[in-house]
Amino acid sequence: MKEVVFHHYDIKEETYRQRFRSMRKGPGETYREQASKLQDMAKKWLKGCTTMDELMDAIIREQLVDTLPQALKIWVSEREPSSSKEAGELADSYLQARGLERGGAGRGERLHTDV
């Protein structure tokens with residue numbers, strides 16, 4: 001039943017990652033309560049990680065995607081890469097297919113997403 005609800009509302013690890021990153025201490029909430037909520041979100045975000053290497057790759061993948069220009073970030077994220085390597089390959093493929101140089105699109109540059 002829980003999986004049906006998660007599927008219906010499209011709740012995935014990415015949803016928990018976003019909640020984890022945006023979570024702030026609420027009014028009347030203690031820091032201990034906030035730490036507990038952060039721990040819960042982190043567990044849900046990283047539930048697929050069973051080794052230190054998988055945990056590190058999840059963090060590296062997040063950081064890599066976060067450094068991409070906005071249009072490229074959206075494009076790569078929509079493809080839900082399962083590793084940092086895959087995220088990097090997707091980003092490189094996107095740029096190559098559009099004739100953009102490696103590293104040529106900085107964070108502030110606009111990229112077209114007509115795929």
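So, what share of the contacts in the protein chain with a separation of 6 or more comes from residues 24 or more positions apart? It's 38%, where a contact means heavy atoms within 4.5 Å.

Before I go on, a quick word about the model. It's a predicted one, so local features need pLDDT of at least 70 and side-chain atom pairs count only at pLDDT 80 or more, while totals for chains, interfaces and linings use all residues. Residues are numbered from 1 along each chain as its sequence is written, and side-chain values use heavy atoms, with hydrogens and water left out.

Okay, the overall picture. Of the 115 residues, 28% count as buried. Buried means under 20% relative accessible area, exposed is over 50%, and partly exposed sits in between, with a 1.4 Å probe and protein chains only. The accessible surface comes to about 8700 Å², and 53% of that belongs to carbon and sulfur atoms; the areas come from the Shrake-Rupley method with a 1.4 Å probe.

Now the helix pairs. Let's start with H2, residues 13-22, and H3, residues 31-45: they pack at about 150°, with axes 8 Å apart. That makes H2 roughly antiparallel to H3. For the wording, angles under 35 degrees are roughly parallel, over 145 roughly antiparallel, 65 to 115 roughly perpendicular, and the rest oblique. The axes are lines fitted to C-alpha atoms over the stretch in contact, and angles run from 0 to 180 degrees between N-to-C directions. The crossing of H2 and H3 is left-handed, as the near helix is turned anticlockwise from the far one by less than a right angle; clockwise would be right-handed. Who's touching whom? On the H2 side there are Glu-13, Tyr-16, Arg-17, Arg-19, Phe-20 and Arg-21, and they meet Leu-38, Met-41, Ala-42, Lys-44 and Trp-45 in H3. By class, that contact has six nonpolar, no polar and five charged residues. Nonpolar covers Ala, Val, Leu, Ile, Met, Phe, Trp, Tyr, Cys and Pro; charged is Asp, Glu, Lys and Arg; the others, Gly among them, are polar.

Next up, H5 (residues 70-78) and H6 (residues 84-97). Their axes come within 10 Å and cross at roughly 125°, and H5 and H6 are therefore oblique to each other. This crossing is right-handed. From H5 we have Leu-72, Trp-75 and Val-76, and from H6 Ala-87, Leu-90, Ala-91, Tyr-94 and Leu-95. That contact has eight nonpolar residues, no polar and no charged.

H6 also packs on H4, at about 25° with the axes 8 Å apart, so H4 and H6 are roughly parallel. Here Asp-57, Ile-60, Arg-61, Leu-64 and Val-65 in H4 meet Ser-84, Lys-85, Ala-87 and Gly-88 in H6.

Let's zoom in on Arg-61, which lies in H4, residues 52-67. Leaving aside neighbours within four places in sequence, Arg-61 is in contact with Pro-81, Ser-82, Ser-83, Ser-84 and Ala-87. Take Ser-83: Arg-61 and Ser-83 are 22 residues apart in sequence, and 6.2 Å apart in space, C-alpha to C-alpha.

Last one: is Cys-49 buried, partly exposed or exposed? Cys-49 counts as partly exposed, because its relative accessibility is 24%. You'll find Cys-49 in the loop between H3 and H4, touching Glu-54, Leu-55 and Ala-58, not counting residues up to four places away in sequence.

Notes
Helices (H or I, at least four residues) and strands (E, at least two) are DSSP runs, numbered from the N terminus.
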